Amino acid sequence: MPRRALLLVDLQNDFLPGGALAVPGGDAVVAPAVELARQFAAAGELVIASQDWHPPDHSSFAVNHPGHKVGEVIDLHGNSQVLWPAHCVQNSFGAQLAAAIPRQLVQHVIQKGTDREIDSYSAFFDNGQLRATGLAGLLREHGVEELHLLGLATDYCVKFSALAARQLGFRTVLHQQACRGVNLQPGDSERALEEMRQAGVAIV
Ligand code: VGL
Ligand code: ZN
C-alpha cells in the first residue's frame, strides 16, 4: 500500500454557516471529514489540516480596498484577486478549526494566506507560486505518495490545493461528498471538478 495522507482543507468557523464567508451547506462536510480522519488516523496515516490565516490588513479583503466591493475582481501585483469579506483573521474565532474536528486526529496544521500582499488558495504555495508553505516537504518526509482531500471551498482552496498536488506529482484523490463550493457564479463548483478531473485528480 502506498503511503497516504488526508488533507482537511479550511474546515474553519468562518466558512461554516454563520461565518464571515459561509460556504452554502458547508456544515454538511464536517461529519464525513471526521469519519475519514478517523479512518486515516486508525490506519496510521497522516492527517493534516490547512488553515486560512490572514492578518487583518490582508489584501484579499474588500474592506482594505476603499471603493471596491465584495465579489469584485481586482488586479493585485499582476494576479487577479477576488475581493472577499474579512475572514479567517489570525487568532479570531472565525479562523479556528471547526470544534467538531477532534484535534488529536490532526497531526499538522498548515497555515496559509499570512502575507498581506498575496492570497493563498492552495495549501502548498501562494497564488503567485512564490512561497511554499512546507506541505510538500512534509508529505515527502513522510513518504506520502497519495494525497486525499476534502473541505471548503471546492472552487477555491480545494481546487487549488488539488491542482498543486498533481503539479507536484502526488496521486490525488478528492472526496466529493465532503466538499462544498462558494459558487460566486452558478456552476463554479462543477467547473472546478471538471478542471481537477482533467488534471488527473481522481474524484470519489
Ligand atoms: C477560501 C476564499 C478566500 C477557501 C479562502 O478556503 O476556499 N476561499 N479564502
Ligand atoms: Zn482567505
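Q: How many cavities of 30 Å³ or more are counted here, and by what rule?
A: The count comes to 1 cavity of 30 Å³ or more, where a cavity is a set of points, on a 1 Å grid over the protein atoms alone, at which a 1.4 Å probe fits but cannot get out. Grid points are joined across faces, edges and corners, and the volume is the space filled by probe spheres set on the points; for the largest cavity this volume is about 120 Å³. This is a predicted model, in which local features need pLDDT of at least 70 and side-chain atom pairs count only at pLDDT 80 or more, while totals for chains, interfaces and linings use all residues. Side-chain values use heavy atoms, with hydrogens and water left out, residues are numbered from 1 along each chain as its sequence is written, and chains are lettered from A and ligands numbered from 1 in the order in which they are written.

Q: What lines the largest cavity, and which residues lie nearest its centre?
A: Lining residues are those with an atom within 4 Å of a point, and by that criterion 15 residues line the largest cavity, with F15, L21, Y121, Y156 and C157 nearest its centre.

Q: How do you know whether C157 is buried or exposed?
A: Buried means under 20% relative accessible area, exposed over 50%, and partly exposed in between (1.4 Å probe, protein chains only). C157 has a relative accessible area of 7%, and it is therefore buried.

Q: What is C157 in contact with, leaving aside its neighbours within four places in sequence?
A: Contact means heavy atoms within 4.5 Å, and with those neighbours set aside C157 is in contact with V9, D10, K112, S120, Y121 and L152. C157 and Q107, which are 50 residues apart in sequence, lie 20 Å apart in space, C-alpha to C-alpha.

Q: How do you know that the span of helix α1 agrees with what it should be?
A: The expected span of a helix is 1.5 Å times one less than its number of residues. For the 13 residues of α1 (residues 30–42) this gives 18 Å, and the end C-alpha atoms are 18 Å apart, which agrees.

Q: Which residues of α1 are buried?
A: The buried residues of α1 are V30, A33, V34, L36, A37 and F40. They cover an arc of only 165° around the axis, which puts them on the same side of α1, the arc being that of the directions from the helix axis to the C-beta atoms. An α-helix has 3.6 residues a turn, so residues three or four places apart point the same way. The buried residues of α1 pack against β1 (3–9), β2 (46–52), β6 (144–152) and β7 (171–180), whereas the face turned away from them carries the exposed A31 and A42. Just after α1, G44 has a positive phi of about 75°.

Q: Which residues of helix α4 (residues 188–198) are buried?
A: In α4, D188, S189, A192, L193 and M196 are buried. Their arc around the axis is only 140°, which puts them on the same side of α4, while the face turned away from the buried side carries the exposed E190 and Q198. What covers the buried residues of α4 includes α3, β7 and β8 (202–203).

Q: Why does F61 count as buried?
A: F61 has 0% relative accessibility, and so it counts as buried. Its place is in the loop between β2 and β3, and, leaving aside neighbours within four places in sequence, F61 is in contact with H54, P55, P56, W84, P85, A86, H87 and V89.

Q: What is the relative accessible area of S59, and is S59 buried or exposed?
A: S59 has a relative accessible area of 5% and is therefore buried. S59 lies in the loop between β2 and β3 (73–76), where, not counting residues up to four places away in sequence, S59 touches H65, L76, Q81, L83, R116, E117 and I118.

Conventions. Helix = DSSP H or I, 4+ residues; strand = E, 2+ residues; numbered from the N terminus. 1 Å grid on protein atoms, 1.4 Å probe; cavity = no way out; pocket = protein on both sides within 12 Å on 5 of 7 lines; lining within 4 Å.
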